[in-house]
Amino acid sequence: MTGADLASSVKGQHQSGTGGVPGPLLVVRDLAVARDDHVLLAGLSFSLAAGDLLQLEGPNGVGKTSLMRVLTTTAAPDSGSMTWRGKDMPSARTALRSELLFIGHLAGIKRSLTPRENLAWYGADGDAAEAALAWIGLGGYEDTPCHQLSAGQNRRVALARLHFSGARLWILDEPFTALDKSGVATLEARLRAHCAAGGMVILTSHQDLAIDGLQRLKLQEFVPQAGVELAEVAGVY
Ligand SMILES: Nc1ncnc2c1ncn2[C@@H]1O[C@H](COP(=O)(O)OP(=O)(O)OP(=O)(O)O)[C@@H](O)[C@H]1O
């Protein structure tokens with residue numbers, strides 16, 4: 001799907017997806033996230049509408065990746081609610097997943113395969129893969145096994161998926177890790193274009209990003225006081 005296709009598709013669905021009233025597509029209310037019995041985050045609420053770009057901020061271990069597991073519906077929240085297009089989870093899970101692209105910080109790249117083979121696994125034919133790899137600065141490395149590429153080049157292979165993704169919502173865990181300055185600029189431009197076309201992005205990064213309209217959610221503000229037990233927040237979802 002091209003940016004123009006996404007723009008017209010989003011325009012239509014943005015109007016109709018929430019009952020004909022323009023509004024947020026993703027709504028998170030009073031969410032709590034725990035690992036084992038330890039509550040990492042509580043009372044978290046936010047919403048995302050077409051064109052929004054949200055950066056989840058916080059120190060190591062605050063719960064950014066754990067929250068992303070909930071947002072991608074890999075894990076259920078320990079309390080609170082999440083809706084997609086006005087429908088509650090978990091029944092809206094399939095609908096959300098059909099419009100979601102998630103790139104985790106482990107990147108989802110098979111290192112024994114080449115960049116071209118990895119992108120084929122994600123559905124890109126030869127021309128689409130070649131265009132995506134040229135866009136991300138990997139022209140000439142299409143057929144080199146990924147285990148022979150650097151960390152930054154492997155990150156670029158993963159990010160090449162953004163070039164042909166038709167997903168509305170991108171959730172990206174540390175997408176800027178290992179990228180050089182030109183890689184950062186290329187990725188920032190792609191995120192801007194996706195949002196300008198009506199897409200939405202949630203990402204984590206420890207960097208200060210130069211993207212107009214970027215919203216920041218400081219997760220340390222949602223860390224409960226020491227001693228809060230899971231039983232005190234659980235049970236709503
Ligand atoms: N598989 C796991 N089982 C139990 N606890 C875990 C697991 N993975 C992470 N944790 C704990 O959950 C907490 C939050 O981890 P998480 O990975 O969500 O943090 P983060 O904010 O993404 O950190 P970073 O910035 O270092 O990537 C940490 O205290 C960690 O010890």
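**Ground rules.** I number residues from 1 along each chain as its sequence is written. As the model is predicted, local features need pLDDT of at least 70 and side-chain atom pairs count only at pLDDT 80 or more, while totals for chains, interfaces and linings use all residues.

**Ligand.** The shell includes R35, D36, L40, N60, K64, T65 and S66. Helix α2 (residues 64-71) gives the most, with three residues; helices here are DSSP runs (H or I, at least four residues), and strands are E runs of at least two, numbered from the N terminus.

**Helix α2.** Next I checked which α2 residues are buried (20 or more other C-beta atoms within 10 Å of their own C-beta, placed from the backbone). I got K64, L67, M68, V70 and L71. Seen down the axis of α2, they fall within an arc of 155° (taken from the directions from the helix axis to the C-beta atoms), so they line one face. After α2 comes T73, with a positive phi near 65°.

**Sheet.** I then traced an open sheet of four strands, ordered β2-β1-β4-β5 with antiparallel pairing; pairing takes at least two DSSP bridges between two strands. Its edge strands are β2 (38-48) and β5 (87-88). Seven bridges join β1 (residues 26-35) to β2, and V28 stands opposite F46 in β2.

Conventions:
A residue is near a molecule or strand if its C-beta atom, placed from the backbone, lies within 6 Å of it. A residue is buried if 20 or more other C-beta atoms lie within 10 Å of its own, exposed if 12 or fewer, and partly exposed in between; C-beta atoms are placed from the backbone.
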